[in-house]
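Biologist: Can you walk me through how the helices pack here? Keep it simple, please.

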Amino acid sequence: SDNLVNWIHKTYYACMRFVRLAEFLDQPTRFLEIDIDGIVRSEFSNIVDDNSKDFYLYQKNKGGHLAGAILYNNTPNSFNFVKELAHTIRTEIEKDNIYWFLDQHSLDNVIVKYNKGLLPISYVDWHMRPESSIWSAKGKRKELAIFKQEQAKYL
């Protein structure tokens, strides 16, 4: 069915972005990775400037992490994390073990080995607050008028 094929493609691309990222990097680098549909609305006035952590991301109140925005530091372990996450995801896909949230589950399994820091919700704000630097609309929230209006400013 077309729906199944679309779902597999969507899942594949959501996961493979981490594999491709690892292929681009050849040394530790400081950068911010965000979801393709995230909207950067302003400068990062509250960006973390601390190299004591390998990377920073948002942690959900109920556990787990969001990969919608990850600030990678210029550390060897940050680089190792990128490579290990990519390897974990690629291995699962090569075994035809592809499912929605594979990237999320892989992230949560790999992250425990590293020294993570926490980003504020203003980097992955699905509530779309005016003061947030990045809006991230998951699922049906992408169809909200406020998100569409903000998106239209950049299209």
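Modeller: One term to start. Angles under 35 degrees count as roughly parallel, over 145 as roughly antiparallel, 65 to 115 as roughly perpendicular, and the rest as oblique. This is a predicted model, where local features need pLDDT of at least 70 and side-chain atom pairs count only at pLDDT 80 or more, while totals for chains, interfaces and linings use all residues. Residues are numbered from 1 along each chain as its sequence is written, and side-chain values use heavy atoms, without hydrogens or water.

Biologist: At what angle do H2 and H3 cross?
Modeller: Roughly 135 degrees, and the axes of H2 and H3 (residues 102-110) come within 10 Å. H2 and H3 are therefore oblique to each other.

Biologist: Which residues of H3 make the contact?
Modeller: Leu 102, Asp 103, Ser 106, Leu 107 and Val 110. From H2, the contact includes Phe 81, Leu 85 and Ile 89. Contact means heavy atoms within 4.5 Å.

Biologist: Switching to H1 and H2. How far apart are their axes?
Modeller: They are 8 Å apart, and H1 (residues 2-24) packs on H2 (residues 76-94) at about 135 degrees. That makes H1 oblique to H2.

Biologist: Which residues of H1 touch H2?
Modeller: Among them are Tyr 12, Cys 15, Phe 18 and Arg 20. H2 brings residues including Val 82, Lys 83 and Ile 93.

Biologist: How many nonpolar and charged residues are in that contact of H1 with H2?
Modeller: 12 nonpolar and 4 charged, with no polar ones. Ala, Val, Leu, Ile, Met, Phe, Trp, Tyr, Cys and Pro count as nonpolar, Asp, Glu, Lys and Arg as charged, and the others, Gly among them, as polar.

Conventions
Axes are lines fitted to C-alpha atoms, for helices over the stretch in contact, and angles run from 0 to 180 degrees between N-to-C directions. Helices (H or I, at least four residues) and strands (E, at least two) are DSSP runs, numbered from the N terminus.
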